[in-house]
Amino acid sequence: MRLATFRRTDEPDGGRRTGLVVGDGASWWIHPFPDGTDLVELLAADAADREAAADEAAQVDGLQPDQVVLLPPVYPVAMRDFLTFEAHVDGMERGHGNPGPPAEWYDAPVFLFMAPHAVTGPYDDVALPPDTERFDFELEIAAIVCRDVRNVTPGEARTAIGGYCVMNDWSARDVQGKEMKLKLGPSKGKDFATTIGPWVVTADELDGCRDADGFLDLTMSVKVNDLEVGSDRSSHMGWSFEQLVSHSSRASWVKAGEVLASGTCASGSLAESWGRTGTLTPPPLEVGDVVEMTIERLGTIRNTIVAGAEAVSPVEPARRRARLEASA
């Protein structure tokens with residue numbers, strides 16, 4: 001089952017509805033659920049109850065793509081972005097002059113907290129953030145948590161995953177690089193936009209898409225201006241999503257409405273190519289570029305990069321203390 005959040009094109013901004021997505025490719029339409037239906041609560045519902053609700057929604061007239069604006073499927077209560085693809089870590093580390101993934105990468109799935117209010121819709125324009133000349137994308141798969149868990153095993157964690165969607169973790173690599181020299185962040189290199197969508201595919205729909213180890217096995221690809229620049233399979237993750245939820249829940253709450261992302265797949269970003277070749281090839285993204293990401297069974301998100309229209313204040317350098325300068 002595919003579930004979307006949307007507003008009608010004839011409604012003002014701020015409207016938000018949940019709908020059942022029917023059809024394939026460009027020929028899809030949305031059947032609205034009753035007003036007030038919450039997507040995360042629907043994911044958490046008993047499968048039979050969810051199917052009954054979908055059957056009822058299917059009786060309502062469907063809306064065509066040109067009649068709706070797809071919104072981020074959820075506005076997350078929190079977002080965690082992991083680093084699970086070994087080949088991606090290898091390429092990034094080589095860009096920093098290292099021989100490959102550090103030994104610590106294999107110990108546990110590390111993650112960073114993201115800015116949940118920065119999510120954008122699957123077809124929204126994305127503004128080029130300030131202060132960057134190395135704008136990049138990151139192709140990821142994301143899981144939507146549908147119930148609160150704490151200290152769960154991977155087996156127990158499976159019932160907490162309501163579904164999956166495509167994610168683009170946009171990155172200002174030069175800004176990010178400066179921040180991480182201080183062993184903190186990234187912060188402003190990441191907090192301006194994260195695209196998720198186009199809808200959520202319920203976890204039960206993907207039960208037949210697992211490899212022998214139980215990992216989701218879906219093809220992932222990214223294009224820039226209709227030219228494919230990267231592809232991988234989700235089964236190349238070092239940990240399963242159940243293991244990611246379990247690890248996150250150790251002595252901590254993972255809450256319904258959280259988004260947990262896989263991290264970038266192999267060749268799923270420009271920076272990985274830059275790290276392997278030592279050159280900015282392919283070139284950083286710029287205004288007018290169109291980035292399209294597709295994950296098998298989950299759909300496609302497509303975003304155009306536009307010039308930033310907001311006025312931002314200049315960054316003030318730190319006040320230097322005379323005593324420290326004198327002792328230097």
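Residues with a relative accessible area under 20% are classed as buried, those over 50% as exposed, and those in between as partly exposed. These classes are applied below to a predicted model. Arginine 302, with a relative accessible area of 32%, is therefore partly exposed. Its salt-bridge partner is glutamate 292, with 2.4 Å between N and O. Glutamate 292 lies in strand E19 and arginine 302 in strand E20, so the contact ties together parts that are 10 residues apart in sequence. In contrast to the partly exposed arginine 302, glutamate 292 is buried, at a relative accessible area of 16%.

The two strands that carry this pair belong to an open sheet of five strands with mixed pairing, in the order E8-E20-E19-E15-E16. The edges are taken by strand E8 (126-127) and strand E16 (227-233); each has a single partner strand, so one side of each is left without a neighbour in the sheet. Strands of a sheet pair through backbone hydrogen bonds, in either a parallel or an antiparallel sense. Strand E19 (residues 290-295) and strand E20 (residues 299-306) run antiparallel and are joined by six bridges. Within this pairing, isoleucine 295 stands opposite glycine 299 of E20.

The structure holds 21 salt bridges. One of them joins aspartate 169 to lysine 190, with the closest N and O atoms 2.8 Å apart. Aspartate 169 is in the loop between strand E12 (161-168) and strand E13 (171-172), and lysine 190 is in the loop between helix H5 (173-180) and strand E14 (194-202), so the contact ties together parts 21 residues apart in sequence. Aspartate 169 is buried, with a relative accessible area of 1%, and lysine 190 is also buried, at 10%. Aspartate 169 and lysine 190 belong to one network with Asp136, Glu138 and Arg173, joined by salt bridges that share partners. A further salt bridge is formed by the side chains of aspartate 13 and arginine 7, at 2.8 Å from N to O. Here aspartate 13 is exposed, with a relative accessible area of 65%, whereas arginine 7 is buried at 14%.

Aromatic contacts were examined next. A pair of aromatic rings is described by the distance of the centres and the angle of the planes. The count comes to eight aromatic pairs. Among them, tryptophan 28 and tryptophan 199 are edge-to-face, with 5.4 Å from centre to centre and 75° between the planes. This pair links distant parts of the chain, since tryptophan 28 is in strand E3 (residues 27-32) and tryptophan 199 is in strand E14, 171 residues apart. Both residues are buried: tryptophan 28 has a relative accessibility of 7% and tryptophan 199 one of 6%. For tryptophan 105 and tyrosine 106, the ring centres are 4.8 Å apart and the planes stand at 85°, so this pair is edge-to-face. Tryptophan 105 is buried, with a relative accessible area of 7%, while tyrosine 106 is partly exposed at 42%. Ring pairs also link Phe82, Phe111 and Phe113 into a cluster.

Charged side chains were also found over aromatic rings. The charged end of arginine 2 sits over the ring of tryptophan 199, at 5.3 Å from the ring centre. Tryptophan 199 thus takes part in this contact as well as in the edge-to-face pair with tryptophan 28. In a second case, the charged end of lysine 255 sits over the ring of tryptophan 253, at 4.9 Å from the centre.

Note on methods:
Residues numbered from 1 in each chain as written. Predicted model: local features only at pLDDT ≥ 70, side-chain atom pairs only at ≥ 80, totals over all residues. Heavy atoms only, no water. Pairing = 2+ DSSP bridges. Helix = DSSP H or I, 4+ residues; strand = E, 2+ residues; numbered from the N terminus. Salt bridge = Lys/Arg side-chain N within 4 Å of Asp/Glu carboxyl O. Buried < 20%, exposed > 50% of the residue type's maximum accessible area, 1.4 Å probe, protein only. Phe/Tyr/Trp six-rings, centres within 6.5 Å; stacked < 30°, edge-to-face > 60°. Lys NZ or Arg CZ within 6 Å of the ring centre and 35° of its normal.
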